[in-house]
Amino acid sequence: MDFLRDLWGFLRTRKKYWLAPVILVLLFFGLLIVLTGNTAVAPFVYTLF
């Protein structure tokens with residue numbers, strides 16, 4: 001959680017608010033890959049990309 005706090009502090013002090021959606025999308029895709037790595041849903045997820 002320290003990493004997220006530091007990241008938010010960096011975004012706030014440098015006024016790089018446009019990076020927040022990019023980071024959220026990358027986290028979403030990473031979570032999607034981890035959760036669907038070895039399941040029956042994997043073939044359907046890979047056809048989206």
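1. Salt bridge. The structure, a predicted model, holds one salt bridge, the term meaning a side-chain nitrogen of Lys or Arg within 4 Å of a carboxyl oxygen of Asp or Glu. The partners are Arg5 and Asp2, whose closest N and O atoms are 3.3 Å apart. Both residues lie in helix α1, three residues apart, about one turn of the helix. An α-helix has 3.6 residues a turn, so residues three or four places apart point the same way. Arg5 is exposed at 58% relative accessibility, and Asp2 is exposed at 52%. (Buried means under 20% relative accessible area, exposed over 50%, partly exposed in between, with a 1.4 Å probe and protein chains only.)

2. Basis of the values. Residues are numbered from 1 along each chain as its sequence is written, and side-chain values use heavy atoms, with hydrogens and water left out. Because the model is predicted, local features need pLDDT of at least 70 and side-chain atom pairs count only at pLDDT 80 or more, while totals for chains, interfaces and linings use all residues.

3. Confidence. The mean pLDDT of the protein is 82, and 84% of its residues reach 70 or more; pLDDT is the predictor's confidence in each residue, from 0 to 100. Confidence is highest in α1, at a mean of 88, and lowest in helix α3 (residues 42-48), at 69. Where pLDDT is low, the predicted coordinates should not be read in detail.

4. Secondary structure. The protein has three helices and zero strands, in the order α-α-α along the sequence. Helices (H or I, at least four residues) and strands (E, at least two) are DSSP runs, numbered from the N terminus. Helix α1 has 13 residues and reaches 18 Å from its first C-alpha to its last, close to the 18 Å expected at 1.5 Å a residue. That expected span is 1.5 Å times one less than the number of residues.

5. The residue after α1. Which residue follows α1 with a positive phi? The residue is Lys15, with phi near 55°, a positive value in a residue other than glycine. Lys15 lies in the loop between α1 and α2 (19-35) and is exposed, with a relative accessible area of 61%.

6. Aromatic pairs. The structure holds two aromatic pairs. Trp8 and Tyr17 form a tilted pair, 6.4 Å centre to centre with 50° between the planes. Trp8 is partly exposed at 42% relative accessible area, and Tyr17 is partly exposed at 45%. Phe28 and Phe29 also form a tilted pair, 5.8 Å centre to centre with 50° between the planes; Phe29 is partly exposed at 34%. For reference, rings of Phe, Tyr and Trp (its six-membered ring) pair if their centres lie within 6.5 Å; planes under 30 degrees apart count as stacked, over 60 as edge-to-face and the rest as tilted.

7. Surface. Of the 49 residues of the protein, 8% count as buried. The accessible surface comes to about 4500 Å², of which 74% belongs to carbon and sulfur atoms. Accessible areas come from the Shrake-Rupley method with a 1.4 Å probe; for residues, only the protein chains shown count as cover.

8. Nonpolar patch. Met1, Phe3 and Leu4 form a nonpolar patch on the surface, with about 400 Å² of accessible area together. Patches are made of residues with over 30% relative accessible area and no salt bridge: like charges are joined within 9 Å, nonpolar side chains (Val, Leu, Ile, Met, Phe, Trp, Tyr) within 5 Å. Leu4 sits in helix α1 (residues 2-14) and is partly exposed, at 45%.
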